[in-house]
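Please read them alongside the sequence and the coordinates.

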Amino acid sequence: MEIFLFGIFTILFLFTIIIVLKIIALKNVVYKKPEILSNKKILTVYYSNGGNTKSVGNNLQSIVGGDLKEIELTEKYPKNIFKMSNIIRKQMKEDFIPQIKNIDIAQYDIIFVGSPIWNFSISLPIKAFLKNNSFDNKIIIPFITYSGGSNKAKIVNEIKYLSNTNDIKKTLFTFENGFFLIKEQIIKWLNNL
Ligand SMILES: Cc1cc2nc3c(=O)[nH]c(=O)nc-3n(C[C@H](O)[C@H](O)[C@H](O)COP(=O)(O)O)c2cc1C
């Protein structure tokens with residue numbers, strides 16, 4: 001019994017050390033503007049129903065500069081989460097693409113695209129945005145928020161398929177709004193683009 005408790009304690013102790021070291025490493029991260037963003041017109045565009053993706057998008061834009069735009073639906077989803085989830089489930093089953101207000105992306109070279117995950121897929125308003133626009137000669141850099149399960153490769157493939165481009169840079173996945181050290185998480189990702 002004593003050996004068992006000692007084992008558990010050692011594992012917890014090592015786990016805590018690893019987390020603390022990771023936090024220290026993250027805290028010391030310094031932003032170096034990636035080559036890919038040099039002299040480029042940058043747009044950060046996102047859809048957010050509950051505010052998480054908006055929060056990550058705001059933090060991202062405050063680091064990379066450029067313009068920030070929120071995708072708006074012509075017809076909003078109900079505020080009630082259960083009603084909303086039912087509508088989304090039905091729309092996804094029927095491959096329905098909602099109408100969104102147009103965002104002119106012509107002048108931009110780099111487009112950061114932010115979406116929550118819905119039912120293991122990219123959100124429907126972002127589906128609409130990727131389908132409605134041409135991304136020729138543009139680079140898409142996705143950032144995704146989620147709260148449970150996500151098949152990251154599937155989400156990236158969806159973005160490639162919908163936008164009809166393979167020129168997609170490394171995607172940032174954050175749990176909800178990233179909770180703590182979100183700016184540092186974003187910088188670490190940008191430094192490795
Ligand atoms: C209808 C619906 C479906 C969702 N499906 C998933 C899912 O399959 N996997 C997951 O990890 N999170 C899922 N979530 C959670 C959201 O992806 C997560 O909370 C996200 O950060 C919400 O972003 P927002 O606040 O910008 O809308 C779902 C949320 C909603 C409303």
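1. The buried residues themselves are Asn52, Thr53, Val56, Gly57, Asn59, Leu60, Gln61 and Val64. Here a residue is buried if 20 or more other C-beta atoms lie within 10 Å of its own, exposed if 12 or fewer, and partly exposed in between, with C-beta atoms placed from the backbone. Two residues are in contact if their C-beta atoms, placed from the backbone, lie within 7 Å.

2. Basis of the model. This is a predicted model, in which local features need pLDDT of at least 70 and side-chain atom pairs count only at pLDDT 80 or more, while totals for chains, interfaces and linings use all residues. Residues are numbered from 1 along each chain as its sequence is written.

3. Overall architecture. The protein chain has 6 helices and 6 strands, in the order α-β-α-β-α-β-β-α-β-α-β-α along the sequence. Helices (H or I, at least four residues) and strands (E, at least two) are DSSP runs, numbered from the N terminus. Of the 193 residues, 26% count as buried. Among contacts between residues at least 6 apart in sequence, 80% join residues at least 24 apart.

4. Domains. The domain assignment gives domain 1 (1–30) and domain 2 (31–191); such bounds come from an automatic or database domain assignment. The contact between them takes 4 residues from domain 1 and 7 residues from domain 2. On the side of domain 1 that touches domain 2 there are 3 nonpolar, no polar and 1 charged residues. In this classification Ala, Val, Leu, Ile, Met, Phe, Trp, Tyr, Cys and Pro count as nonpolar, Asp, Glu, Lys and Arg as charged, and the others, Gly among them, as polar. The C-alpha centres of the two domains lie 33 Å apart.

5. Ligand shell. Which residues come nearest to the ligand? Of the 21 residues around the ligand, they are Ser48, Gly50, Thr53, Pro116 and Tyr146; a residue is near a molecule if its C-beta atom, placed from the backbone, lies within 6 Å of it. Helix H2 (52–64), helix H3 (81–93), strand E3 (110–118) and strand E5 (139–146) each supply at least two residues of this shell. By class, the shell has 6 nonpolar, 13 polar and 2 charged residues.

6. Nonpolar core. The largest nonpolar core has 31 residues, of which Val45, Ile71, Ile111, Phe112, Ile126 and Phe129 touch the most other members. Such a core is a set of buried Ala, Val, Leu, Ile, Met, Phe, Trp, Tyr and Cys residues joined through C-beta atoms within 7 Å. E3 gives the most to this core, with 6 residues. Leaving aside neighbours within four places in sequence, Ile71 is in contact with Val45, Tyr46, Tyr47, Ile100, Ile103, Pro125, Ile126 and Phe129.

7. Backbone angles to check. Asn39 is found in the loop between helix H1 (2–27) and E1, and Asn39 is exposed because 5 other C-beta atoms lie within 10 Å. Phe120 is in the loop between E3 and strand E4 (121–122); with 14 C-beta neighbours inside 10 Å, Phe120 counts as partly exposed.
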